[in-house]
Amino acid sequence: MSRHVTSDDELRRELRALGATSGHDAQAAQRVYSALFESATSPAAGRRALFGRRDILRVGGLSVATAAVISACTQHVRGEVGRVGDVPTTLKLPDAHVTNIALLRTASSLEHSVINVYSQVIGNSDLLDPRFDDIAKRFMDDHAGHAAVFEKLTTDAGGQAWTCGNPKIDDTIINPVIQRITKGVEATGTAKAVDPSEDPRRDILNFAHGLETLAGGTYQAFVALFSEPALRSDVMKVGAREARHAALLALTINPARPEGLVNFADAVNAEPGSPPTTLVATTSTLQNLGNQSASGSGSPTPTPSDAPPQTEIPTITAIPSQFGGLSAVQLVVGRGDENGTRLKINLETPSLNSFVYEYMTPTC
């Protein structure tokens, strides 16, 4: 078997060739490293140092893999795609703790949200019957006083008072409800437009009742969350006033007696037996009369004979359920869509995602 033998002359020639280019390669590599890693060098200048006009590596002894790694270590121009594992830093959300300050800020935010609703309807006869302007003004003044109480308690506890509405409740409840009542819904590619409410006065009173009930239930739920007994007492005093607001609004919306006082369905469910048929019919009839009286309309709004039935408006009473209940308040407002479906929202005591935590900053 033949075997190739390298002569001493060939080895000497190869060594001389390597020596002739080594100095040039070292100088070129030094220029590239300086251009890549100097802080004042721009990304474009770094690439020009590494590549020629036809993207040929300037450094003869530098491998393509090594060049790619070095290039990835330099910063990228905005808008360019990183070639080797540049992973953006993930922003960590601030820690959210349900502290006494967070609860107080949430309470004051709810008060300001309710104030904003009253400020939009007082003096607007299309939305609120002028007969009820004085009641609404009194309620708005009460809410302003409640907000001031919670703000002072917040600063006394070492926190920053919250003087804006609740962002989550405003976005998911208040703004959509006001929009549906006053402007309706614009047409889309898959659904027809929905006109504004056929009875905005009815809807505004029902909405105000729902907000007052929501506030009362919220403060009752907060009692168990506060760590200081004094704060529990303060929040429950405000909650009692909110419950009185809701009861008075219920009697305004449904003035019939006794149907406007007690939810008969709830009372019957608490004991064996079923309600008499005549009682159920009377309750429904008087509720309709109460809604007409509150809205100022003398007769029900006529609907075309071929129109689908509209979503039923829930009965509103001064005592909606057993004492201490924290269940959601169902609010139904606006004109029904092409299927007769009105806007239906459950008003629930604020969940964790609607709390105003200490890291949040007011935007109003």
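**Packed helices and their surroundings**

Reply: The chain holds ten helices and two strands (helices are DSSP runs of H or I with at least four residues, strands are runs of E with at least two, and both are numbered from the N terminus). Read from the N terminus, the order of elements is α-α-α-α-α-α-α-α-α-α-β-β. This is a predicted model, in which local features need pLDDT of at least 70 and side-chain atom pairs count only at pLDDT 80 or more, while totals for chains, interfaces and linings use all residues. Residues are numbered from 1 along each chain as its sequence is written, and side-chain values use heavy atoms, with hydrogens and water left out.

The average pLDDT of the chain is 78, and 62% of the residues score at least 70 (pLDDT is the predictor's confidence in each residue, from 0 to 100). Over residues 53-62 the pLDDT stays under 50, and the model has 22 contacts beyond four places in sequence for this stretch (a contact means heavy atoms within 4.5 Å). Residues 270-300 likewise stay under 50, with 41 such contacts in the model. Where pLDDT is low, the predicted coordinates should not be read in detail.

Two values describe the chain as a whole. Of its 364 residues, 37% are buried (buried means under 20% relative accessible area, exposed over 50%, and partly exposed in between, with a 1.4 Å probe and protein chains only). Among contacts between residues at least 6 apart in sequence, 71% join residues at least 24 apart.

We now turn to the packing itself. Two packed helices are described by the angle between their axes and the distance between the axes. Axes are lines fitted to C-alpha atoms, for helices over the stretch in contact, and angles run from 0 to 180 degrees between N-to-C directions.

Helix 7 and helix 8 pack at an angle of about 155°, and their axes lie 8 Å apart. These two helices are therefore roughly antiparallel (angles over 145 degrees count as roughly antiparallel, under 35 as roughly parallel, 65 to 115 as roughly perpendicular, and the rest as oblique). The crossing of helix 7 and helix 8 is left-handed (the near helix is turned anticlockwise from the far one by less than a right angle, whereas clockwise would be right-handed). On the side of helix 7, the residues that meet helix 8 include Leu205, His209, Glu212, Gly216 and Tyr219. On the side of helix 8, they include Arg232, Val235, Glu242, His245 and Leu249. By class, this contact has 13 nonpolar, seven polar and three charged residues (Ala, Val, Leu, Ile, Met, Phe, Trp, Tyr, Cys and Pro count as nonpolar, Asp, Glu, Lys and Arg as charged, and the others, Gly among them, as polar).

Helix 7 also packs with helix 6. Helix 6 (residues 167-182) and helix 7 (residues 200-223) have axes 10 Å apart, at an angle of about 165°. Helix 6 and helix 7 are therefore roughly antiparallel, and their crossing is right-handed. Helix 6 brings Ile173, Ile174, Val177, Ile178 and Ile181 to the contact, and helix 7 brings Pro200, Asp203, Ile204 and Phe207. Of these residues, eight are nonpolar, none is polar and one is charged.

Helix 8, in turn, packs with helix 4. Helix 4 (residues 100-121) and helix 8 (residues 229-253) pack at an angle of about 25°, with 12 Å between their axes. That angle makes helix 4 roughly parallel to helix 8. Their crossing is left-handed. Asn100, Leu104, Glu111 and Tyr118 of helix 4 meet Leu231, Val238, Glu242 and Leu249 of helix 8. The residues of this contact comprise five nonpolar, one polar and two charged.

Cys164 lies in the loop between helix 5 (133-156) and helix 6, and with a relative accessible area of 5% Cys164 is buried. From C-alpha to C-alpha, Cys164 and Glu111 are 8.9 Å apart, although 53 residues separate them in sequence. Beyond four places in sequence, the contacts of Cys164 are Ser108, Ser109, His112, Pro362, Thr363 and Cys364.

Ala328 is located in the loop between helix 10 and strand 1. At a relative accessible area of 37%, Ala328 is partly exposed.
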